[in-house]
Amino acid sequence: MTSRGDGTRVRKAPAERRNEIVAAAAQVGLTEGLECITLRQVAGELGVRPGLVGHYFPVAEELVAEAFTSATMAELDALLPTLTEQGDGIALRTLGDFLAYMSGPEFDNVSKLWLNARHLSRYSPPLHVQVVSQELLWCRRVEQLIVAGVREGSFRCDDPWAAAVRVMVAVDGTSAYVNTSIRQRAEPITEMVRTITEAELGLPSGALRPD
């Protein structure tokens with residue numbers, strides 16, 4: 001790696017270098033948009049030559065696809081890690097916190113990334129594959145949480161997969177306004193997602209409000 005100041009080059013293992021490139025591209029995608037992920041932009045972020053980035057990703061759209069997956073997976077693992085224990089209302093609290101975060105301004109960059117990726121995936125087969133994969137994975141994580149909640153007695157749901165899909169469709173639908181009128185619609189939209197989720201899981205109104 002070439003530092004920005006002293007020109008010192010550090011040789012890294014290929015896997016480490018590749019992961020570094022993807023991480024830098026993911027950050028560009030989150031903050032500036034997937035269209036801004038170019039070999040030159042990512043190289044500038046890392047302080048290396050564009051040719052080095054091109055060595056690992058000769059086709060820029062492959063880097064864009066991996067950057068999208070890296071960014072969304074990091075968010076998913078932080079928001080919905082696989083539960084290592086069950087009972088005592090853990091699934092209920094986890095889902096409430098998940099919905100609160102996804103409906104708040106902290107999630108705006110990720111919402112914009114999803115909008116961006118879904119649009120661009122129409123023109124990029126590699127990105128389309130990753131968008132579909134991530135959509136299904138996010139639904140599966142929610143399904144797993146619902147199953148855990150049913151087992152602990154917090155939720156009532158006959159079809160966790162269908163419920164998870166409808167919850168994520170509600171979340172995605174509200175996120176569609178993130179670039180336009182989200183500020184004017186924030187509170188009603190937040191309540192809509194919670195209301196739909198509570199109804200899907202046989203919960204009383206307000207059960208998923210965070211403490």
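This briefing describes the helices, nonpolar core, aromatic rings and salt bridges of one structure. The model is predicted, so local features are reported only where pLDDT is at least 70 and side-chain atom pairs only at pLDDT 80 or more, while totals for chains, interfaces and linings use all residues. Residues are numbered from 1 along each chain as its sequence is written, and side-chain values use heavy atoms, with hydrogens and water left out.

**Helix α1**

- Helices here are DSSP runs of H or I with at least four residues, numbered from the N terminus, and α1 covers residues 14–32.
- At 1.5 Å a residue, the 19 residues of α1 should span 27 Å, and its end C-alpha atoms are 27 Å apart, which agrees; the expected span is 1.5 Å times one less than the number of residues.
- The buried residues of α1 include R17, E20, I21 and V22, where buried means under 20% relative accessible area, exposed means over 50%, and partly exposed lies in between, for a 1.4 Å probe and protein chains only.
- These buried residues of α1 pack against α2, α3 (50–56), α4 and α6, and α1 is followed by G33, whose phi is positive, near 115°.

**Nonpolar core**

- A nonpolar core is a set of buried Ala, Val, Leu, Ile, Met, Phe, Trp, Tyr and Cys residues joined through side-chain atoms within 4.5 Å.
- The largest such core has 54 residues, of which L34, I37, V42, L63, F98 and W138 touch the most other members.
- Among the elements that give two or more residues to this core are α4 (60–79), α5 (90–102) and α7 (125–151), and the largest share, eight residues, comes from α7.
- Not counting residues up to four places away in sequence, F98 touches L79, L80, W138, V142 and M168, a contact being heavy atoms within 4.5 Å.

**Aromatic rings**

- Four aromatic pairs are found in the structure; rings of Phe, Tyr and Trp (its six-membered ring) pair if their centres lie within 6.5 Å, and planes under 30 degrees apart count as stacked, over 60 as edge-to-face and the rest as tilted.
- The rings of Y101 and F107 have centres 6.0 Å apart and planes at 75°, so this pair is edge-to-face; Y101 is partly exposed, at 27% relative accessible area, whereas F107 is buried, at 2%.
- Ring pairs link F68, Y101, F107, W114 and W138 into a cluster.
- The charged end of R140 sits over the ring of W161, 3.8 Å from its centre, a placement that requires NZ of Lys or CZ of Arg within 6 Å of the ring centre and within 35 degrees of the ring normal.

**Salt bridges**

- There are 10 salt bridges, each a side-chain nitrogen of Lys or Arg within 4 Å of a carboxyl oxygen of Asp or Glu.
- R118 and E135 meet in a salt bridge at 2.8 Å, N to O, which links helix α6 with helix α7 across 17 residues of sequence.
- R118 also forms a salt bridge with D172, with the closest N and O atoms 3.0 Å apart; because R118 lies in helix α6 and D172 in helix α8, the pair ties together parts that are 54 residues apart in sequence.
- E191 and R194 form a salt bridge at 3.0 Å, N to O, and both lie in helix α9 (residues 182–200), about one turn of the helix apart; E191 is partly exposed at 25%, while R194 is buried at 9%.
- Salt bridges that share partners join K12, R17 and E20 into one network.
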